[in-house]
Amino acid sequence: MSSSPAASEVSPIADAGPLSLCARSPHVPADRLVAEMVPPPRFDSVRFATYLPDPNQPSQTEAVRVLEGFAGGLGGAHAVAGGRRGLFGFGKAKAAKAPAGPRGVYLDGGYGVGKTHLLASLWHATPAEPALKAFGTFVELTNLVGALGFQQTVQTLSGHRLLCIDEFELDDPGDTVLVSSLLARLVDAGVALAATSNTLPGKLGEGRFAAADFLREIQGLSAHFRALRIDGEDYRHRGLPEAPAPYSDEQVTKAAYATPGASLDDFPRLLEHLAKVHPSRYGALTDDLSAVCLTDVRPVPDQSTALRLVVLADRLYDREVPVLASGQPFDRLFSEEMLNGGYRKKYFRAISRLTALARDGKELVPTA
């Protein structure tokens with residue numbers, strides 16, 4: 001693939017130049033969307049035992065205890081006899097007796113308290129083969145419905161033991177109704193549910209907690225969920241140094257050339273390219289990258305662009321791809337109006353995650 005324009009301004013220091021995100025336009029078939037509904041690579045090895053509760057936050061320890069019990073309760077026969085339905089076997093099968101108690105858990109807390117770690121740990125701890133468990137973000141689930149259609153998505157997921165939904169989008173009423181309808185069908189089929197959510201603006205604790213909003217938005221499903229509140233500070237900044245200052249264009253470009261599998265792109269051009277790629281493909285956009293190097297980082301110009309950048313930040317964070325950048329620091333990406341608006345939690349999450357990846361990217365720059 002061709003390198004970015006920024007690369008052509010310096011003499012190559014490797015036989016092959018860096019890759020370019022702007023040169024990628026991946027096409028993702030629907031069957032890959034289903035097969036990839038597993039915890040992202042960052043959470044491959046997480047387990048309840050690797051979650052380190054803050055001793056000052058007893059709700060974190062309690063959440064682990066409850067979730068371990070919930071996972072253990074999913075070890076019996078699926079509520080639909082015979083396990084997974086056939087691809088077109090939508091008719092109701094003979095139901096086995098469902099386990100007692102709520103068939104869903106909702107993890108309620110601010111960003112950076114480890115909700116995704118716990119959700120992925122639940123997926124790993126549930127005693128069922130991976131093909132009978134699904135894990136994805138709300139956006140990935142709506143993308144699946146878009147690719148397969150509503151009825152086919154119901155058929156595809158109805159035989160699962162567990163569906164985990166990370167970052168349930170409470171700020172998108174249309175998609176919320178769509179997914180709530182999907183979950184109602186899956187509950188009827190005996191699928192256990194687990195979810196976290198984004199928070200609606202202007203709520204208790206500066207929008208950190210959303211249980212009441214979540215239970216209201218899923219309407220008739222609320223009785224199926226037990227809400228677990230998880231208090232705490234953003235662990236990504238708990239006892240960690242400040243994010244490194246941006247580097248120069250020359251440092252970023254040299255690091256990109258010296259790092260096999262790295263990409264190098266001009267940030268404004270990358271933002272333009274993201275508008276041409278559906279967000280469901282941003283994961284594929286980052287396939288096989290060892291690092292992302294960006295020059296001329298500057299504040300994003302509008303909210304649509306900002307929301308696309310949030311999705312890219314999530315996919316990079318999931319895959320633990322280090323980021324090295326020049327220009328403005330990541331805490332200046334979004335305007336005050338954006339940070340005070342309805343999507344502010346997404347923007348703060350993106351800043352938090354990009355800052356963590358920038359710390360990893362520091363290792364790409366040789367010390368003097």
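**Surface and overall make-up**

I began with the surface of this predicted model. The protein chain exposes about 16100 Å². Carbon and sulfur atoms supply 53% of that area.

I then looked up burial. Of the 368 residues in the protein chain, 52% are buried.

Next I went through the secondary structure. I find 14 helices and eight strands in the protein chain.

I also checked how far apart in sequence the contacting residues sit. Among contacts with a separation of 6 or more, 84% join residues 24 or more positions apart.

**The sheet S6-S7-S8**

Three strands make it up, in the order S6-S7-S8. The sheet is open, and its pairing is parallel. Which strands are at the edges? They are S6 (262-266) and S8 (323-327), each of which pairs on one side only.

I followed S7 (residues 291-297) to its partner S8. The two pair in the parallel sense over four bridges. Cys293 stands opposite Leu324 in S8. As a reminder to myself, strands of a sheet pair through backbone hydrogen bonds.

What lies across this sheet? I find helix H9 (residues 249-258) lying across S6, S7 and S8. H9 runs at about 160° to S7.

**H10 against H12**

I took the helix pair H10 (residues 267-274) and H12 (residues 303-318) next. Their axes come within 10 Å and cross at roughly 95°. H10 and H12 are therefore roughly perpendicular to each other, since angles of 65 to 115 degrees count as such.

Which residues meet here? From H10 I list Phe267, Leu270, Leu271 and Leu274. From H12 I list Thr305, Arg308, Leu309 and Leu312. By class, this contact has six nonpolar residues, one polar and one charged.

I stayed with Thr305, which lies in helix H12. Is Thr305 buried or exposed? Thr305 counts as buried because its relative accessibility is 7%, and the cut-off for buried is under 20%. I set aside its neighbours within four places in sequence and looked for contacts. Thr305 is in contact with Leu271 and Val300. Leu271 belongs to the H10 side of the helix pair.

I moved to helix H5 (residues 150-157). Six of its eight residues are buried, so H5 is largely enclosed by the rest of the structure. The buried ones are Gln152, Thr153, Val154, Gln155, Thr156 and Leu157.

What do they pack against? I find three helices on the list: H1 (30-35), H4 (138-148) and H6. Strands S2 (133-137) and S3 (162-168) are on it too.

**Asp175 in H6**

My last entry is on Asp175, which lies in helix H6 (residues 173-188). H6 is one of the elements that the buried residues of H5 pack against. Asp175 has 26% relative accessibility, so it counts as partly exposed.

Which residues does Asp175 touch, leaving aside its neighbours within four places in sequence? Asp175 is in contact with Phe138 and Thr142. I checked the second of these along the chain. Asp175 and Thr142 are 33 residues apart in sequence, and their C-alpha atoms are separated by 7.1 Å.

How values were computed
Residues are numbered from 1 along each chain as its sequence is written. This is a predicted model: local features need pLDDT of at least 70, side-chain atom pairs count only at pLDDT 80 or more; totals for chains, interfaces and linings use all residues. Side-chain values use heavy atoms; hydrogens and water are left out. Buried means under 20% relative accessible area, exposed over 50%, partly exposed in between (1.4 Å probe, protein chains only). Contact means heavy atoms within 4.5 Å. Accessible areas come from the Shrake-Rupley method with a 1.4 Å probe; for residues, only the protein chains shown count as cover. Axes are lines fitted to C-alpha atoms, for helices over the stretch in contact, and angles run from 0 to 180 degrees between N-to-C directions. Angles under 35 degrees count as roughly parallel, over 145 as roughly antiparallel, 65 to 115 as roughly perpendicular and the rest as oblique. Ala, Val, Leu, Ile, Met, Phe, Trp, Tyr, Cys and Pro count as nonpolar, Asp, Glu, Lys and Arg as charged, and the others, Gly among them, as polar. Two strands pair if DSSP finds at least two bridges between them.
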